[in-house]
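Subject: Structure handover

Hi,

Here is the structure I promised to pass on. Please open it next to this email, and my notes will follow below.

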Amino acid sequence: MTAVRVAVFASRVRADEKRIMEALGRHGLRYEHVDTRAYWSFAGEPRPPWSIVLNREIAHTRAVYAARMLEALGGTVVNSAAATETCGDKWRTSLALRAAGLPTPRTALGLTPDAALAALEAIGYPAVVKPLVGSWGRLVTRVQDGHMAATVMEYLDVLPAPQSRIVYVQELVDKPGRDIRVIVVGGEAVGATYRHGDQWRTNVARGAESRPCPLTADLAGLAVRAAAAVGADVAGVDLVESGDGELFVLEVNHGVEFSGFQRAVGDRVDVAGRIAGHVAALAERAAAATDAPDAGDAAPAAWAGA
Amino acid sequence: MASCPECEGTVVLTEPPQASEIVECSECMAELEVVTAEPLTLAPAPEVEEDWGE
């Protein structure tokens with residue numbers, strides 16, 4: 001069978017990327033790490049040497065353009081450019097979740113800070129203001145009342161980036177001091193963790209602690225549907241429970257970080273192994289298509305957009 | 001083994017390094033990026049940017 005070459009695109013090799021690369025090796029895949037900071041290609045140039053690219057770029061803008069570049073050459077990128085764009089933009093994620101009929105908190109987008117203030121009045125307080133792009137809970141602000149909201153909007157109004165003045169606002173779900181992370185790979189939920197924190201923001205990046213969470217059928221089903229709604233093969237789905245136990249999908253992360261998750265679940269789940277296994281399955285498909293009698297000298301299926 | 005570009009302390013890694021990996025200087029606790037693994041060269045790690053994340 002034709003050897004399929006795999007690339008891991010990343011500018012920052014963290015423990016997660018090292019685990020994934022080790023797991024790719026265990027699956028017998030020939031892979032190379034590509035530092036996105038040094039990558040470039042001509043528009044319309046011949047296909048690159050990799051059949052599958054696992055996009056682990058930490059910078060969202062660079063991740064989107066990397067995926068777009070590679071897909072323009074006919075390639076398979078995990079996650080796809082469309083999924084990366086959707087997940088990286090909270091408004092687009094909300095629209096995708098709503099379109100799929102999934103439960104998600106009441107959300108609005110104000111095209112100016114003043115408009116967002118009006119939207120917040122409609123949502124009611126306390127509420128949450130989030131940057132459209134960003135992660136790790138950064139700049140996510142809980143606004144208690146109209147006075148505080150007006151001040152937050154004043155700050156947003158003087159930020160230089162036009163996108164900063166498009167304001168995403170959301171009802172606050174009164175969660176029980178924790179949220180839930182479910183990791184989905186290849187359409188299957190592989191495990192779940194609670195994320196407990198002292199702050200109202202329960203991001204692991206903000207010091208929240210991951211603890212094991214039973215992966216119920218409800219959680220798994222909701223997470224798989226959320227990942228499908230945004231088109232993500234590999235996803236970290238964040239869910240939150242309301243006071244009466246109702247589950248809401250908050251967001252879907254395309255470049256899931258799993259060190260805290262892995263510590264919490266121990267040997268029961270091998271996240272890196274599952275991701276590598278998914279890449280291996282895609283690589284097998286690409287190789288089989290290349291080896292097919294009528295494949296001739298055509299591009300591997302992955303690069304032919306199959 | 002390499003010199004820390006921040007404090008000039010000696011950085012010793014317990015596992016084979018990999019290019020683009022982030023390591024920490026045990027003397028000044030600076031985050032450092034492995035520029036080349038062989039020979040080991042280190043540079044201050046890039047600052048977190050606004051669009052970084054999951």
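Helices here are DSSP runs of H or I with at least four residues, strands are runs of E with at least two, and both are numbered from the N terminus.

Before the rest, some housekeeping. This is a predicted model, in which local features need pLDDT of at least 70 and side-chain atom pairs count only at pLDDT 80 or more, while totals for chains, interfaces and linings use all residues. Residues are numbered from 1 along each chain as its sequence is written, and chains are lettered from A and ligands numbered from 1 in the order in which they are written.

**The two chains**

The C-alpha atoms of chain B fill a box of roughly 35 × 20 × 15 Å along the principal axes. Of its 54 residues, 24% count as buried; a residue is buried if 20 or more other C-beta atoms, placed from the backbone, lie within 10 Å of its own, exposed if 12 or fewer, and partly exposed in between. Taking contacts in chain B between residues at least 6 apart in sequence, 21% join residues at least 24 apart. Two residues are in contact if their C-beta atoms, placed from the backbone, lie within 7 Å.

Chain A has nine helices and 13 strands. Its radius of gyration is 20 Å, close to the 19 Å that the globule rule gives for 306 residues, so chain A is as compact as a globular protein of that length. That radius is taken over C-alpha atoms, and the rule is 2.2 Å times the number of residues to the power 0.38. The box for the C-alpha atoms of chain A is roughly 65 × 45 × 35 Å along the principal axes. Buried residues make up 48% of chain A, and of its contacts between residues at least 6 apart in sequence, 65% join residues at least 24 apart.

On confidence, chain A averages a pLDDT (the predictor's confidence in each residue, from 0 to 100) of 92, and 94% of the residues score at least 70. Over residues 295-306 of chain A the pLDDT is below 50, although this stretch has 29 contacts in the model beyond near neighbours in sequence. Where pLDDT is low, the predicted coordinates should not be read in detail.

**The parallel sheet**

In chain A, four strands form an open sheet in the order S2-S1-S3-S4, with parallel pairing; two strands pair if DSSP finds at least two bridges between them. Strands S2 (30-34) and S4 (76-78) of chain A stand at the edges with a single partner strand each, so one side of each has no neighbour in the sheet. The twist averages 25 degrees from one strand to the next.

S1(A) pairs with S2(A) over five bridges, with Ala7(A) opposite Glu32(A). Four of the five residues of S1(A) are buried. Three bridges join S3(A), residues 52-55, to S4(A), where Val78(A) is the bridge partner of Leu54(A). Helix H9 (271-291) of chain A lies across S1, S3 and S4, running at about 160 degrees to S3(A). Axes are lines fitted to C-alpha atoms, for helices over the stretch in contact, and angles run from 0 to 180 degrees between N-to-C directions.

**The antiparallel sheet**

Another open sheet of four strands in chain A has the order S5-S8-S6-S7 and antiparallel pairing. Its edges are S5 (107-110) and S7 (141-143), each with a single partner strand, so one side of each is left without a neighbour in the sheet. Neighbouring strands are turned by 30 degrees against each other on average, direction ignored. S6(A), residues 127-130, and S7(A) share three bridges, and Val129(A) stands opposite Thr141(A). Helix H5 (113-123) of chain A lies across S5, S6, S7 and S8, at about 5 degrees to S8(A).

**Where the chains meet**

In total, 21 residues of chain A are in contact with 11 residues of chain B. The chain A side has seven nonpolar, nine polar and five charged residues. Here Ala, Val, Leu, Ile, Met, Phe, Trp, Tyr, Cys and Pro count as nonpolar, Asp, Glu, Lys and Arg as charged, and the others, Gly among them, as polar.

One residue to look at is Ser11(A), in the loop between S1 and helix H1 (15-26) of chain A. Ser11(A) is buried, with 21 other C-beta atoms within 10 Å. Leaving aside neighbours within four places in sequence, its contacts include Asp35(A), Glu57(A), Ile58(A) and, from chain B, Ser20(B). Ser11(A) and Ile58(A) are 47 residues apart in sequence and 7.0 Å apart in space, C-alpha to C-alpha.

Best wishes
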